[in-house]
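I set out to record what could be looked up in this structure.

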Amino acid sequence: MELNRRNFIKFLVGGVVGTTLSPLPWKLTDDIAIWTQNWPWVPVPPEGEFAVVKSVCSLCPGGCGIEIRKVFERAVKIEGRTDYPINPGGICPLGAGGLQLLYNESIRHTAPMKRTGERGSGQFSKITWDEAIDILSARISDLQKKGTAEAIAALDGNPVRSTMAVMIQRLLTSLGSPNYMRMPSIEDTYSMGTMLMQGTDCPMAYDLENADYVLSFGCGLLEGWGVPGRIMNAWGLWHENSGRKRAKIVQVETRASNTASKADKWIAPRPGTDAALALGIAHIMIKEGLYDREFIRRHSFGFEDWISADGKARKGFKTIILEKYSPAETARITGLDPNYIAYVAKDFAESKAPVAIYGKGKDSMNGSLYEFMAVQCLNALAGNFNRPGGVIVSDPLPLNRFSELKMDNIAGASLKKPRFDLAGTVNYPFSHSLIHNLTQRIL
């Protein structure tokens with residue numbers, strides 16, 4: 001065969017095709033995969049009988065149900081639970097990758113650590129649990145003997161109302177310290193808002209699966225808001241091709257997030273004006289008579305003008321909204337078209353099961369109380385509380401009470417001293433914990 005450019009290309013292409021059709025490359029790929037798994041630094045799962053343990057994920061506030069597949073005592077896989085109501089089978093990437101946090105010792109401490117260098121040097125060494133408990137017990141005992149147990153503060157990151165959170169709070173109380181604190185979260189805003197508007201701080205949820213109109217004020221539904229596994233499942237229900245009418249998703253957000261780009265409508269008001277938009281929508285609902293009059297009559301106070309106990313005339317919610325949040329004024333505040341605000345209001349009010357939801361971020365930051373109360377007003381006007389597709393307000397779980405704590409006189413005296421963060425005082429009457437005040441007090 002003459003060696004020229006054309007024959008060279010034919011020979012090259014023929015060799016590639018022939019090699020591809022032969023078992024050689026596939027066998028070579030398989031051998032390479034086996035070879036790489038036998039490197040000494042690659043972890044090898046144990047061989048043995050499989051078992052499944054059901055649990056709840058604690059890597060975010062969502063609390064998804066999970067199943068952990070185990071070989072003997074070693075966890076090898078995390079999956080979502082199909083029998084759990086919060087996330088029927090769904091699980092987010094963070095939850096599925098929980099084994100990395102468990103077995104990757106380079107990103108977490110595997111034992112108690114004691115500082116061995118100067119403060120701020122970052123020098124620590126491992127100690128045993130017995131040593132750690134002895135050190136902690138001695139310091140706590142010393143503070144109690146001095147009558148300064150209030151100097152002990154606990155910063156709790158466990159879910160609110162969980163058994164562990166209750167036990168830590170009881171521990172502080174038994175020691176004589178009022179300084180049980182938590183990191184701020186959106187749950188603080190929910191609790192404070194529902195207490196002011198509904199007279200209870202019981203847990204609140206949204207029945208998103210049965211809603212036909214979801215008006216989301218900044219909720220990153222596709223970015224991990226709420227319970228990620230459940231939201232992903234609900235998003236699938238909203239968009240499935242079945243006989244049921246699909247839900248309309250309207251995202252109120254200043255930036256073009258993933259949720260905003262995939263919603264049916266995206267409304268982008270000026271930053272910080274979500275509350276004004278919510279009250280502008282309330283104005284249209286009230287003016288056009290598009291609200292649930294029976295629900296407002298039976299389950300609300302202060303909607304109409306009223307006379308207080310001191311004989312003074314007070315403006316009701318209706319009068320305030322009609323005076324201050326007209327479409328023109330709302331448009332001036334938010335930068336939106338007044339006709340579009342009216343369109344969204346009527347679209348929301350005329351739906352059978354509308355729900356307005358609030359909560360920016362991943363629930364790990366506290367939010368705006370004013371915004372939450374304004375958004376919750378829309379749900380009240382729609383009368384969609386404890387109904388399918390609306391806001392679910394539940395009573396506390398009927399759990400057995402813990403036994404009464406027995407404290408000595410020293411602990412009782414310490415408990416009467418003011419909290420370091422001033423939560424619950426005249427200046428912060430509805431706050432349970434204010435971590436920024438604690439840090440200032442420490443400094």
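**Basis.** I worked from a predicted model, in which local features need pLDDT of at least 70 and side-chain atom pairs count only at pLDDT 80 or more, while totals for chains, interfaces and linings use all residues. Residues are numbered from 1 along each chain as its sequence is written, and side-chain values use heavy atoms, with hydrogens and water left out.

**Strands.** I took helices (H or I, at least four residues) and strands (E, at least two) as DSSP runs, numbered from the N terminus. Two strands pair if DSSP finds at least two bridges between them. I found β1 (residues 50-56) antiparallel to β2 over 7 bridges, with A51 opposite K70. Strand β2 also pairs with β3 in the antiparallel sense, over 6 bridges, and there V71 stands opposite R74. The β2-β3 hairpin has 2 residues between its strands, and F72 takes a positive phi near 55 degrees. I noted that 5 of the 7 residues of β2 (65-71) are buried; buried means under 20% relative accessible area, exposed over 50% and partly exposed in between (1.4 Å probe, protein chains only).

**Charges over rings.** I counted a charge as over a ring if NZ of Lys or CZ of Arg is within 6 Å of the ring centre and within 35 degrees of the ring normal. R74 has its charged end over the ring of Y103, 4.0 Å from the centre. R293 lies over the face of Y291, at 5.0 Å from the ring centre.

**Cores.** I used sets of buried Ala, Val, Leu, Ile, Met, Phe, Trp, Tyr and Cys residues joined through side-chain atoms within 4.5 Å. The largest nonpolar core has 58 residues, and Y206 is among those with the most contacts inside it. Helix α10 (residues 274-287) gives the most to this core, with 10 residues.

**Aromatic pairs.** Rings of Phe, Tyr and Trp (its six-membered ring) pair if their centres lie within 6.5 Å; planes under 30 degrees apart are stacked, over 60 edge-to-face and the rest tilted. My search of the whole structure gave 10 aromatic pairs. F303 and F317 form a tilted one, 6.4 Å centre to centre with 35 degrees between the planes. F303 is buried at 9% relative accessible area, whereas F317 is partly exposed at 22%. I also recorded a cluster of Y190, Y358 and F372, linked by ring pairs.

**Loop residue.** I located P85 in the loop between β3 (74-80) and α3 (93-96). P85 counts as exposed, at 69% relative accessibility.
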